[in-house]
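Please walk through this structure with me, one part at a time. The sequence and the model come first, and the explanation follows.

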Amino acid sequence: MTMKKKKTIFTAVVLAVLLAACVAVDLTLPSYHIAVTVIKKATVYALVAVSMNLLNGFTGLFSLGQAGFMLLGAYAYGVLTIPVAKRASVYQYFDGGAIQFSLPEIFAGFLGDTVGSTVGMLLALLVGGLLAALMAYLIGLPVLRLKSDYLAIATLGFAEILRAFFQWNALGPITNGSNLLKSYPTFAHATPYVILAGLMIAVILLLITSTYGRAFRAIRDDEVAAEAMGINLARHKRMAFIISSFFAGIGGGMMAMYMGTIAAAPFKSTLTYEILLIVVIGGIGSITGSVLASFLYIFSSEWLLRGLDSGKFLGINSPIFKNGFRMVVLSVIIMCIVLFFRKGIMGDKELPDLLDRRSRKRKKEAAGK
Amino acid sequence: MKKLFAFVLALVMALSLAACGGDKSSDSSTPAASGDKVVKIGVFEPQTGDNGAGGKQEILGMQYANTVQPTVEIGGETYQVQLEIVDNRTTAENGPSAAAELVNRNVSIVLGSYGSGVSMAGGKVFEEAGIPAIGVTCTNPQVTADCSVYHRICFLDPFQGTVLANYAFNELGVKTAYVLGMLGSDYDQGLMYYFKEAFEALGGTVKSEDFPEGSANFVSYINNAKAEGAGVIFAPVSINYAQLIIEAAAAQGFEGALLGSDTWDNNMVIESAKGKDTQIFVTTFYQEGGNADFDNGIKEWINANADAKTNNGGNDMVAAVTAMGYDAYFTALEAIKAAGSTDPKAVLEALPGVTYEGVSGHIEFDDIGDAVRDSAFIKTANTADGVWDFVKVQGVE
Amino acid sequence: MQELLPYLINGISVGGQYALIAIGYTLVYGILRLINFAHGDVFMVAGLVMVYATTSMPFYIALPLVLIATVILGFVIERVAYKPLRSAPRMSLMISAIGVSYLIQNLAFYITGGVPQPVSNPIPWISENVTILGASTKRVTLVTPVLTILLVVALVYLINHTKIGMAMRAAAKDFETAQLMGIKINAVISMTFVIGSFLAAVGSMLYFTNYPSVAITSGGMPGLKAFVAAVFGGIGSIPGAVVGAFIIGLCEEIIKGLGYTTFSDAFTFALLIVVLCVKPTGLFGEKVTDKV
């Protein structure tokens, strides 16, 4: 068997096992079990982290606008999917709101309930992504000319501005102002999240391995050299920015599904920082790393380390385990990774590359003998 | 190096997983050893974030109630009541996972939360799990409107907003009101909406403004209110901002009254009003002195318990939310008794029929699950002594 | 004019507070080309230390203690989180800064229990009310801009007329050459962090005497806005940061006065984007050409 074939099989097996595990979790545990919650949240974070990695890790554009694009996606999803009958109570201060249709209901009308509403929900996610992409195009016109840290701070500022607009009462008939959007349909189980995010990440992977992906990496490594090789800098940067924002938008929509209610408040710069740190833990430039890190991070912060907050961890009772200790431990780990393991868990390696290392080691051992 | 790191990481994970498993078994074995049966009541409250201070006071009421009545009779057997407290960190995005955590701990009924947004976010999870919830001081109509498991024992925003509007217009004789709330807070915006509606219906004019989250300087807002010629500033904001607004109003020499909602009824608010030349009126659920037994009992308990005292803001003043937490606990016990079972489904079925005479008044639920309440207490800040003085009981005509 | 006055006074005071933070950003950026995201949190920690110190000791001991603690914090952050990354790409440095900010906030959260800590009138004299030209305000509002200007004058003197100042200027001009000329670059960088933290501590004391409580997120917004001020004035330039801070403080209060309160924060960021796109070097910044 050739190495390439081996790798493909290895990857396929790993992914299949993971998917099977997820289905098994769904079948055995109720939808409100913490394991399901963790998988859902981690999947959403994984998608957004990968989209951020595409921009920050593969193209070298240091953007901190992720939260803003997620906000767009989340609101688009909520606004388009709240059932018409419930709009009067959700938009209680705005006379039922300006939009009086719901995509899942429209599609349920001629595709049947289950299929139709699923199609409607997916379409709403897509609209969210497209909206985020459109906004990225517009904001990209001025800000993509900026250099690294200026770009970071400009995109950060943009996300803050967006948040103010969504909470503005004048837009209330659409966004519900400062009030929550709720009562929209969501997927109760974890598997749809995993499949959806998995497909999105696969698309991003295809993109990265294409000529575009190589162009992105060339820009990251050396802008001037890339330009000299005939890569249109402005066009490729804009493309990376728009694509990344598109997936962040979809991630935002899925985040809305996970949360069950939408408000602008969670989409603060803290969210962006959190995702950036996940990307760093996983390894800047590794899709596998980002996914792995998302699961590790969410798993430990939401489940594993909860004991650190409530006074009992590893069977030890201690007064230092009080509220907030969990996040202290997590952030110390993050700082250690940032300072001492700068490549993160995966460096720039992907899942199939894990085979390489093992075979290299084997070769070394063979040589030793 | 990296391999070592990965190994250590894996080791830590494995160990802690084992520990988690160990924890669970020890949890269930403790009560079995003492020979008692246990019923768990979930406490879904913020202990951190903007509403952390308020949430902690609400928990105090439940903890005190738990010491007063630590057992419940179910079907002729005595059950120990165990409170399972989870911090929902004030914000809606942490609601679902905190709620899932409670569900995981197999609670029979949930109490909370202080703050409506997080209650709505958690409500979805409780609904899926079929666990009944009693909202203690979440006043937004939306909490119970679209959630089959959520009930509540406090009054609602439309009521509270109208009460304050009536009071300002009729009792204080004010014709222009300035309304200020935080951008992005559904609690603030909801009350502002109902206040404005009621005040304008009475014939007054309202100027309404928002401030962004994290604002610290309210001087310009007070100046705006003065420029509008407002007789009252109605600011249904969380405790932190209430303190800032009082501070700014006093510094700018605002001559009208400040109106606050139930969040303002807190000893940290009265602390910042102390010694300042401002007039403050708030609506609330309970007036200290309303029930002498309860007041004395809880004061004694708070004074004997250093942690409780710290959580109460360093003194033994009884906050209305504490009384509400106390009532919520007993309402939950009534429901469990009526159900005759610790099964959440049975408790959920029994809950709507429960009535209880609490320290904050009679508790009964309507069809939606909201409390049947027709009056609120109005209190004013005695800035000389730093205490709340009772003004009157106000209803809506 | 009489109506406008309270807004102007308040705006100048807010501007003065931003200015003291903005200098920290601008100094560090001038030398390391790093947006020190943790600076806003240093500001917050100074506030917390003040709360804890003033409740347990008289203010003439407490306040110097706050200054010392904050300066040490700034120094330690640089040594631990930035120095090991001196040869790393700029992105790593910025990520490290974000990590530090995250760590400080979580630590503060743990220590305070996530509940805002009440400030109880730490410096009695400056929180008294005064009336000027018919507008009533706290004394600290008037003290802040004056103190800011004094400190800035002292700082400019330090930078232009002392040896360490000369070394700082050299390092800002050309990091490597300065090193070759025998300047102890680590000492210079530490010095910048010390000065930045010192000013942030002063700003923090003035800021929090005005407010009843210090929350762990208190540093975030002032920090970001001060950074915008530094960019607006031309990052790397001290007078620029100060002027930028005053302009932003004034604009913000005037916007609130005009009734656009919803957008008072958003405006600051809109201004940032416009400045970055139209004149990235800001009001007083030097033109920097990137070398290949």
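Strand 7 and strand 8 of chain B pair in the parallel sense, over seven bridges. Strands and helices here are DSSP runs, numbered from the N terminus: a strand (E) has at least two residues, a helix (H or I) at least four. Two strands pair if DSSP finds at least two bridges between them. Within this pair, B:T176 stands opposite B:T205 of strand 8 of chain B.

A word on the source: this is a predicted model, in which local features need pLDDT of at least 70 and side-chain atom pairs count only at pLDDT 80 or more, while totals for chains, interfaces and linings use all residues. Residues are numbered from 1 along each chain as its sequence is written, and chains are lettered from A and ligands numbered from 1 in the order in which they are written.

How enclosed is strand 7 of chain B? Six of its seven residues are buried, so strand 7 of chain B is largely enclosed by the rest of the structure. Buried means that 20 or more other C-beta atoms lie within 10 Å of the residue's own; 12 or fewer means exposed, and anything in between is partly exposed, with C-beta atoms placed from the backbone.

Now widen the view to the sheet. Seven strands of chain B form an open sheet in the order 8-7-9-10-11-14-15, with mixed pairing. Strand 8 (205–211) and strand 15 (387–394) of chain B stand at the edges; each has a single partner strand, so one side of each is left without a neighbour in the sheet. From one strand to the next, the twist averages 25°. Strand 9 and strand 10 of chain B pair in the parallel sense over three bridges. There, B:V232 stands opposite B:A257 in strand 10 of chain B. Helix 7 (residues 186–201) of chain B packs on this sheet and touches strand 7, strand 8 and strand 9 of chain B. Its direction makes about 165° with that of strand 7 of chain B. Axes are lines fitted to C-alpha atoms, for helices over the stretch in contact, and angles run from 0 to 180 degrees between N-to-C directions.

Chain B has another open sheet, of six strands. Its order is 2-3-1-4-5-6, and its pairing is mixed. Strand 2 (71–74) and strand 6 (150–152) of chain B are at the edges with a single partner strand each, so one side of each is left without a neighbour in the sheet. Here the twist averages 35° from one strand to the next. Strand 1 and strand 3 of chain B run parallel, joined by nine bridges. The bridge partner of B:G42 in strand 3 of chain B is B:E84. Helix 4 of chain B lies across strand 1, strand 4, strand 5 and strand 6 of chain B, at about 165° to strand 5 of chain B.

Next, the domains. Chain B is divided into domain 1 (38–155 + 293–364) and domain 2 (157–284 + 376–394), with bounds from an automatic or database domain assignment. Their centres, taken over C-alpha atoms, are 28 Å apart. The contact takes 17 residues from domain 1 of chain B and 18 residues from domain 2 of chain B. Two residues are in contact if their C-beta atoms, placed from the backbone, lie within 7 Å. On the side of domain 1 of chain B that touches domain 2 of chain B, helix 2 (52–68) and helix 4 (116–129) of chain B each supply at least two residues.

B:P141 is found in the loop between strand 5 and helix 5 of chain B. With 18 C-beta neighbours inside 10 Å, B:P141 counts as partly exposed. Leaving out residues up to four places away in sequence, B:P141 touches A:Q92, B:L156, B:D157 and B:P158.

That brings in chain A. In total, 39 residues of chain B are in contact with 37 residues of chain A. Elements that each supply at least two residues to this side of chain B include helix 1 (2–34) and helix 7 of chain B.
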